[in-house]
Amino acid sequence: MVVTGDIENRIRLDKWLWAARFFKTRALAAEAAAGGKVHAGGQRVKPAHAVRVGEILHIQRGPDQYIITVKALSDRRGPAK
């Protein structure tokens with residue numbers, strides 16, 4: 001399910017990071033967020049943070065840092081392609 005637009009359409013950060021394939025499991029996504037590896041708006045965020053379309057996320061995975069603009073929300077993990 002892909003949802004865009006409405007402010008009322010939100011999804012948990014850990015679930016979105018897993019569905020967007022930044023982490024292999026949702027538990028790893030939650031651990032990264034709880035450990036301060038994910039920032040939104042310059043602030044550390046918790047795994048339950050409500051992600052919105054247009055939000056900019058800074059994700060630290062090992063030596064790599066990703067700066068992501070959320071363009072769509074999904075709670076389903078699709079194929080890697």
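User: Hi! What should I know before we start?

Analyst: The model is predicted, so local features need pLDDT of at least 70, side-chain atom pairs count only at pLDDT 80 or more, and totals for chains, interfaces and linings use all residues. Residues are numbered from 1 along each chain as its sequence is written, and side-chain values use heavy atoms, with hydrogens and water left out.

User: How many salt bridges does the structure hold?

Analyst: There are two. The term means a side-chain nitrogen of Lys or Arg within 4 Å of a carboxyl oxygen of Asp or Glu.

User: Which residues are linked in the network?

Analyst: Arg12, Asp14 and Arg26. Arginine 12 pairs with aspartate 14, with the closest N and O atoms 3.0 Å apart. Aspartate 14 also meets arginine 26, at 3.4 Å from N to O. Helices here are DSSP runs of H or I with at least four residues, strands are E runs of at least two, and both are numbered from the N terminus.

User: Is aspartate 14 buried or exposed?

Analyst: Buried, with a relative accessible area of 4%. Buried means under 20%, exposed over 50%, and partly exposed in between (1.4 Å probe, protein chains only). Arginine 12 is partly exposed at 37%, and so is arginine 26 at 33%.

User: New topic: what order do the strands of the open sheet have?

Analyst: β4-β3-β6-β7, with antiparallel pairing. Two strands pair if DSSP finds at least two bridges between them.

User: How many bridges join β6 to β7?

Analyst: Six. Histidine 58 stands opposite isoleucine 67 in β7.
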